[in-house]
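Here is a short briefing on charged side-chain pairs and on one helix. Please keep the sequence and the structure in view as you read.

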Amino acid sequence: MARIEGRVVGHVGWARREIAVGTEIVAIAGVGGVLISADARGLRLGGELMGCAEQSMRDRGHLAFGYLGCREQVVPIYASCG
């Protein structure tokens with residue numbers, strides 16, 4: 001979560017999921033709950049939160065990759081986060 005002066009202004013969450021890839025079961029991190037309040041947009045908090053989520057996934061270990069699905073209209077927002 002991102003906070004400004006104690007107020008929550010952003011959130012990124014992820015959960016471990018298992019998916020079938022061919023005949024293998026693979027553990028991934030399903031990203032969701034990506035939210036930045038309107039008055040905090042443009043402060044690059046989304047990128048910071050995504051970076052924290054990525055590190056959290058790495059710390060958890062044994063995950064093949066992180067996956068975030070989204071509407072085509074918001075792809076540029078996530079692309080700007082790297």
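Arg58 is exposed, with a relative accessible area of 58%. The model is predicted. Arg58 pairs with Glu54 in a salt bridge, with the closest N and O atoms 2.7 Å apart. The count of salt bridges comes to three.

**The pair within helix α1**
- Glu54 and Arg58 both sit in α1. They are four residues apart, about one turn of the helix.
- Glu54 is partly exposed, at 39% relative accessible area. The value lies between the 20% limit for buried and the 50% limit for exposed.
- Side chains of opposite charge can pair when their charged atoms come close.

**The pair between Arg7 and Asp39**
- Arg7 and Asp39 form a salt bridge through their side chains, at 2.6 Å from N to O.
- Arg7 is partly exposed, with 41% relative accessibility.
- Asp39 is exposed, with a relative accessible area of 54%.

**The pair between Arg16 and Glu18**
- A salt bridge joins Arg16 to Glu18, and the closest N and O atoms are 3.1 Å apart.
- Arg16 has 38% relative accessibility and counts as partly exposed.
- Glu18 has 53% relative accessibility and counts as exposed.

**Helix α1: span and faces**
- α1 has 16 residues. From its first C-alpha to its last, the helix reaches 22 Å, close to the 22 Å expected at 1.5 Å a residue.
- Which residues of α1 are buried? They are Leu45, Gly46, Leu49, Ala53 and Met57.
- Seen down the axis of α1, these buried residues fall within an arc of 115°, so they line one face of the helix.
- On the other side of α1, the exposed residues are Glu48, Cys52, Arg58 and Asp59.

- What covers the buried residues of α1? The cover includes strands β1 (2–4), β2, β3 and β4 (66–67).
- Just after α1 comes Gly61, which takes a positive phi of about 70°.

Conventions
Residues are numbered from 1 along each chain as its sequence is written. This is a predicted model: local features need pLDDT of at least 70, side-chain atom pairs count only at pLDDT 80 or more; totals for chains, interfaces and linings use all residues. Side-chain values use heavy atoms; hydrogens and water are left out. A salt bridge is a side-chain nitrogen of Lys or Arg within 4 Å of a carboxyl oxygen of Asp or Glu. Buried means under 20% relative accessible area, exposed over 50%, partly exposed in between (1.4 Å probe, protein chains only). Helices (H or I, at least four residues) and strands (E, at least two) are DSSP runs, numbered from the N terminus. The expected span of a helix is 1.5 Å times one less than its number of residues. The arc is that of the directions from the helix axis to the C-beta atoms. Contact means heavy atoms within 4.5 Å.
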